[in-house]
Amino acid sequence: MDVRRADERYPGGDATAGIESRHAFSFGPHYDPDNLRFGSLIACNEERLAPGAGFDEHPHSHTEIVTWVVEGELTHRDTAGHETVVRAGDVQRLSAAAGVRHVERNDGPVPLTFVQMWLAPRDPGGEPAYEIVRGIADSTPYAVPEAGAMLHVRRLAAGERTAVPDGAYVYVHVVRGEVLLSGQTLGAGDTARLTDAVAADAVAVTRAELLVWEMSGS
């Protein structure tokens, strides 16, 4: 298990524009050849947007983009004709395929925090696709078969224990709270990368929320 702390993330964004970004993987000017991906996961970005702030229209290709809102509301528009508002508890996925452009903004009156995760598809290309699942439940994993991955959401009360899926690659991101994972304490923004995970579990030290990726391979 490889633990990466929140304060080890690469900083990004534009403070003058109300954008604060923290990158878990090699990103933009922060090139690290030893931290390019884990399994099919190539980015796990914590984004904070002030009211009225956002990312202007920009392109993506050959990427499965999964977004989880922590607080506030995210307005999404893309060139495939989709326009939605993503709220806490929703899972949004944009399959960039051969190419798509989109806009992400905080059009609400309060700060927006979200986690955005990028996965490499097994077969690049194709037509862009979009999906949003409202109010996903803990017991309902979200599959991204194009990347050989499954997202598990875990919301835990203090003292509650949850099993971590077995898998070739398992990535645990602590959204909020504090957990004990295989003997290590993880707080908000911390992550753990487990290779060949078997019979691991997490225990909530406080009320906590986790995003857990189960991936079949790189």
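I take two strands as paired if DSSP finds at least two bridges between them, and I take strands (E, at least two residues) as DSSP runs, numbered from the N terminus. The model is predicted, and I kept to its limits: local features need pLDDT of at least 70, side-chain atom pairs count only at pLDDT 80 or more, and totals for chains, interfaces and linings use all residues. Residues are numbered from 1 along each chain as its sequence is written, and side-chain values use heavy atoms, with hydrogens and water left out.

**Entry 1**

I looked up the order of the strands and found an open sheet of 4 strands, 5-10-7-8, in which the pairing is antiparallel. Its edges are strand 5 (54–60) and strand 8 (83–87), each of which pairs on one side only. On average, neighbouring strands of this sheet are turned by 20° against each other, direction ignored; the axes behind this angle are lines fitted to C-alpha atoms, and angles run from 0 to 180 degrees between N-to-C directions. Between strand 5 and strand 10 (residues 100–105), which run antiparallel, I noted 5 bridges, and I found His-102 in strand 10 as the bridge partner of His-58.

I then turned to another open sheet, whose 4 strands follow the order 15-20-17-18 with antiparallel pairing. Strand 15 and strand 18 (184–186) are its edge strands, each pairing on one side only, and the twist averages 25° from one strand to the next. Strand 15 (residues 161–163) is joined to strand 20 (residues 201–204) by 3 bridges, and the two run antiparallel. Here I found Thr-162 opposite Ala-202 and Ala-163 opposite Asp-201. Strand 17 (residues 179–181) also runs antiparallel to strand 20, with 3 bridges between them, and Leu-181 stands opposite Ala-202.

**Entry 1: Arg-193**

I looked next at Arg-193, which lies in strand 19 (residues 191–197). Is Arg-193 buried or exposed? I found that Arg-193 is buried yet has no salt bridge, and that the nearest side chain of opposite charge, Asp-2, is 4.8 Å away. Buried means under 20% relative accessible area, exposed over 50% and partly exposed in between, with a 1.4 Å probe and protein chains only. A salt bridge is a side-chain nitrogen of Lys or Arg within 4 Å of a carboxyl oxygen of Asp or Glu. The side chain of Arg-193 does reach the backbone oxygen of Ala-24, at 3.3 Å. Leaving out residues up to four places away in sequence, I listed what Arg-193 touches, including Met-1, Asp-2, Phe-25, Phe-38 and Tyr-171, where contact means heavy atoms within 4.5 Å.

I found Val-110 in the loop between strand 10 and strand 11 (112–119), and it counts as partly exposed because its relative accessibility is 44%. Its C-alpha atom is separated by 6.3 Å from that of Gly-72, although the two residues are 38 residues apart along the chain. Val-110 touches Pro-51 and Gly-72, not counting residues up to four places away in sequence.

His-62, in the loop between strand 5 and strand 6 (64–71), has a phi near 50° and counts as partly exposed because its relative accessibility is 37%. Ala-199, in the loop between strand 19 and strand 20, has a phi near 55° and is exposed, with a relative accessible area of 69%.

Methods
Lys, Arg positive; Asp, Glu negative; His and termini not counted. Polar contact = N/O pair within 3.5 Å; in protein donor to acceptor, adjacent residues only side chain to side chain.
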